[in-house]
Amino acid sequence: MSAQNPQRIVVVGAGMVGHRFVESLLSREDLPVRVTLVGDEGRLPYDRVGLTGYLTGRDADELTLDPHALADERVEFVPADPVAVIDRSRRRVRLTSGRFLEYDRLVLATGSYAARLALDGFDLPGCFVYRTIDDLEQLRTFVERRREQLGRPLRGYVVGGGLLGLEAAEALGGLEVTATVVQSSDRLMSAQLDVGAGGILRRLIEARGIGVRTETVTTRLDPDRTGQLSRIAFRDGTDADVDVAVFTVGVRPRDELARDAQLECHPRGGVIIDDACQTSDPAILAIGEVANFDGMAVGLVAPGYAMAEVAASRLSGGDATFPGFDLSAKLKFSGIDVASFGDAMAATPGALDVVYADPTAGIYKKLVLSDDATTLLGGILVGDAAAYGSLRPLVGGALGADPAVYLAPEISGSAPMAELPDEAVVCSCSSVTAGRIRRAVHEEGCVDAAGVKACTKAGATCGSCTVMVKKLVGVELAKSGQVVSNALCEHFDLSRRQLFDAVRVSELTTFSAIIERFGSGRGCDICKPTLASILSTLVGGHVLDGENATLQDTNDHVMANIQRDGTYSVVPRMAGGEVTPEGLIVIGEIARDYALYTKITGGQRIDMFGARLEQLPEIWQRLVDAGFESGQAYGKSLRTVKSCVGSTWCRYGVLDSVGMAVRLELRYRGLRAPHKLKLGVSGCARECAEARGKDAGVIATENGWNLYVGGNGGFTPRHAELLAEGLDDDQLIQAIDRFFLYYIRTADRLQRTAPWVQELEGGLDELRAVIFDDSLGICADLDAAMARHVETYEDEWAATLADPAKLARFQSFVNAPDTPDPSLGYVAERGQVRPASAEERRAGVVPIAGTTLAVRR
Amino acid sequence: MTAVAADARQRTHTWIRLCAVSDLEVERGRAALIGSTQIALFLLRDDSLHAVSNLDPYSGANVISRGIVGTRADAPTIASPMYKHVFDLRTGICLDPQGKEPAHLRVWPVARRGEDLCIRWEE
Ligand code: SRM
Ligand SMILES: Cc1cc2nc3c(=O)[nH]c(=O)nc-3n(C[C@H](O)[C@H](O)[C@H](O)COP(=O)(O)OP(=O)(O)OC[C@H]3O[C@@H](n4cnc5c(N)ncnc54)[C@H](O)[C@@H]3O)c2cc1C
Ligand code: SF4
Ligand code: FES
């Protein structure tokens, strides 16, 4: 074909796939074509996948797909003049206006209709489908008018509980219409989910205030006296009040033009195409939802885009082929993650499934593997679909890691994964392969997911591959030495967060079993205490129980803080900084009897320094007898809750800050975490407790407690930020419970809450969504975990004193159990002792410690 | 080494029992005392026994027995609880002096005599 005689191409249907086809075709610069794109919606092609955005604040312009391609001089766009007839013998189409367009090749991209059920009353005012901007515009106008008319909130029913139905139900909620989803089969999203997943999804949906009726067939819709929808009736004889109904019962290919032109169509709908997207007429191609390949027409955009690319390739002399449908799908419902991919129903003969289900947390995950458990065939993720992006491209390939790691809750998106082959499709919406993304990073200078999106379109459509794209970019940057690994240590390739999930999912409870399965070697001073902390959260138990004891650093091992000379300090808990005169006297006596240096700490309590290993049990026996318990000054755990005196005494105090501080300290005592946890409670905005310098700071106001999170002093001081205002006691405690446990489960080793909050994707808003709106569906689980913690708390020291086996650890020498460390030496200063300096020792003026120390030596 | 030197050695060392092997817990050290010398004893998972100086050369405190046992590549290790210097239990060599002068732990040969743990002690 010469440039004088460009190929004439007519595209029928200016929808998503038609647009992609034109864009792809014209990206071949200098291709001699004249393209006419004919639409009937009277708009520029728009993002139908993002359609719901139209009800939540985006206007039609914002949904418009990149209009660049249509500005190319080789293109003519005919917006509102649908094709009426195809005349194959003369190779031309007639538009509704009467205009004729001649073609060399015709491309059908007419999409589908939203199906309606043929019921009595299906077309009453108040009944809608959910397919085009016009549909949504009518729905919104109706809802607004009807609400005004009735003077009350509207009741809505969504008929059809698939992907689209759930999306529509959420949108109705956004219009302040209470929604109930009616599904004829036994579960929601029955095309994508198995029974277990459907059950969990149902609970998540119901928790959002959306009603669900399964195994319910709608039989009739009845009007009120004004002729508008008012009742909906079901086959089981029940009925209900309804003001607005949305039908989301599937789609029907718009193949009528093709049928009239006698192109071969499938009895169940759709123009039959081969893998070159060619119809029974070699001059005509069909792509998108109108096309039927291999007996199927599919209502997803990704296969449509793949067809568009094939067609564009074919019309420009290429030989691309359509590989068949990828039925992977992800639900778009804010805060509810659902995805299904590959052979989700395990239909492959001999397929195995590995399932992790946590109904309380609202999580269900299934991986379908080949009969030899090596090849990933598909899967279902409900409640946490973070791994979707990394798993979907692996379908048909090796999993590359223990399935448990992928099934781990919350963060499986960052699970370690097999290196993706270059040809693996990462973004199926735009058919972008891993290799293409790697090139974008290494050859085109992209340094983040946004850059890659701009130059490859990966992530530009449904967004479900974004996590994966980000990760690939990270990996590729790392290859050029730009990012550090998050492996815990040489023994574990996992980060603390990943390890936490691996332990949780595998339900392993001992160090040996965990390192055998997820690590290598015998551990070190980094991974052992980390695992001790993780096991403490997940399993509980005493620090010195069984193998636990070998994981503890010396502070946790002897439940005291090691000092520079190898002796320890003793810190009894003084919840909220409160201590009785009797308590003070006992402490004074103990400190005097053992000649311990005594000081008030920065955490509002008393520290006694210089206790030797073998003295710890005796000292603690006396403290426990006097009603004290371990202050856990040694643990990566709750330290202190600092208080101001508050309303009980202070003339300005508005709430009882000491009372709350005591309550909080007693609640969280013993809670082990990635790093230490501190709280503060102030009785008014003067903030005498410096609460905003704490991991969780609570400040009393006339309206209740204000909660600030993510503060600390230390190396990089940071003020905590306001998370919630005006909470009552119970709300405050619940919020802190969830904040702490969410942090404990997901933070890195030795990451305090301040950097953790700063690194949280979505920041404080996201944190609020998790804590107050249960956006991850994990709140019930977090609450249960905290309840378990509170219930099973025991004082580590009291428990140790009651167990002779544990006490053996406090002998100074295995062959001389009570002999003090002969190397210790002290000098007196300001009326108390301190360890002698090296110089003082060399000068020889230092008395060596005896079994009992005199106060002044 | 000449025969004479070997003889000389034999005369100056003795094997001393410090405790029963069962007094030790796998991968958790214990200190022992001979005169004013403190020795850190370890029993590992492979049943091997190790005896190194309890004195941490970097902090000057007798705390090695209270550190965390682990591995680095193939080496069995002990990390001092004070500043976390890691030593090879077989040789006493500090595997990572963290920018300080290299220092190492003294190592004693250990033997299992029946139920007992003995070390070779040189006067
Ligand atoms: C005893 C005490 C100093 C004192 O005499 O006042 C103290 C002593 C130690 N602090 Fe502290 N800190 C003490 C209050 C604080 C405070 C003040 C507070 O809690 O209001 C802070 C700043 C607030 C904060 O944590 O955000 C504080 C920030 C630190 C940090 C820096 C943490 C950071 O995020 O940057 C460390 C280092 C670390 O934990 O890695 C640290 C570490 C330590 C260690 C554990 C260092 C060590 O490994 O030896 C000290 C041993 C404690 C012991 O032997 O009992 N200490 N430390 C205070 C004990 C409070 C208590 O009753 O439990
Ligand atoms: C609310 C909603 C959410 C969705 N979410 C997802 C999702 O998350 N993931 C996913 O994969 N898919 C999703 N889809 C489906 C996706 O939008 C479709 O698969 C995709 O739009 C199909 O593209 P298409 O071009 O084949 O059809 P369409 O986008 O429907 O385009 C066809 C166009 O052709 C026009 N047309 C029809 N007949 C003629 C004619 N005779 N002459 C001229 N023009 C004609 C139509 O008016 C229409 O504009 C969603 C759909 C909806 C409605
Ligand atoms: S913060 Fe307010 S209530 Fe508390 S001591 Fe200071 S002034 Fe009093
Ligand atoms: S998979 Fe939909 S945008 Fe990439």
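Modeller: Here you go. Keep in mind that this is a predicted model. Over all chains, the structure holds 65 salt bridges.

Biologist: Which residue does Arg43(A) form a salt bridge with?

Modeller: Asp134(A), with the closest N and O atoms 2.9 Å apart. That pair links distant parts of the chain, 91 residues apart: Arg43(A) is in the loop between strand 2 and helix 2 of chain A, while Asp134(A) is in helix 3.

Biologist: Is Arg43(A) buried, exposed or partly exposed, and why?

Modeller: Partly exposed, because its relative accessibility is 26%. Asp134(A) also counts as partly exposed, at 34%.

Biologist: OK, next one. What does Arg99(A) meet in a salt bridge?

Modeller: The side chain of Glu76(A), at 3.0 Å from N to O. Arg99(A) is in the loop between strands 5 and 6 of chain A, and Glu76(A) is in strand 3, 23 residues apart. Arg99(A) has 33% relative accessibility, so it counts as partly exposed. Glu76(A) is partly exposed too, at 25%.

Biologist: And what about Asp281(A), where is its partner Arg88(A)?

Modeller: Arg88(A) is in the loop between strand 4 and strand 5 of chain A, and Asp281(A) is in the loop between strand 18 and strand 19, 193 residues apart. Their closest N and O atoms are 3.0 Å apart. Asp281(A) is buried because its relative accessible area is 9%, under the 20% cut-off. Arg88(A) counts as partly exposed at 28%.

Biologist: Which residues do salt bridges with shared partners join into one network?

Modeller: Arg152(A), Arg155(A), Arg231(A), Asp239(A), Asp241(A) and Asp243(A).

Biologist: Switching topic to helix 24 of chain A. How far apart are its end C-alpha atoms?

Modeller: They are 20 Å apart, which agrees with the 20 Å that its 14 residues should span at 1.5 Å a residue.

Biologist: Which of its residues are buried?

Modeller: Cys779(A), Asp781(A), Leu782(A), Ala785(A), Met786(A) and His789(A). Down the axis of helix 24, the buried residues fall within an arc of 165°, so they line one face of the helix.

Biologist: What do those buried residues pack against?

Modeller: Strand 23 of chain A, plus helices 13, 20, 21 and 23.

Biologist: And which exposed residues are on the face turned away from the buried side?

Modeller: Glu791(A) and Thr792(A) are carried on that face of helix 24.

Key:
Residues are numbered from 1 along each chain as its sequence is written. Chains are lettered from A and ligands numbered from 1 in the order in which they are written. This is a predicted model: local features need pLDDT of at least 70, side-chain atom pairs count only at pLDDT 80 or more; totals for chains, interfaces and linings use all residues. Side-chain values use heavy atoms; hydrogens and water are left out. A salt bridge is a side-chain nitrogen of Lys or Arg within 4 Å of a carboxyl oxygen of Asp or Glu. Helices (H or I, at least four residues) and strands (E, at least two) are DSSP runs, numbered from the N terminus. Buried means under 20% relative accessible area, exposed over 50%, partly exposed in between (1.4 Å probe, protein chains only). The expected span of a helix is 1.5 Å times one less than its number of residues. The arc is that of the directions from the helix axis to the C-beta atoms. Contact means heavy atoms within 4.5 Å.
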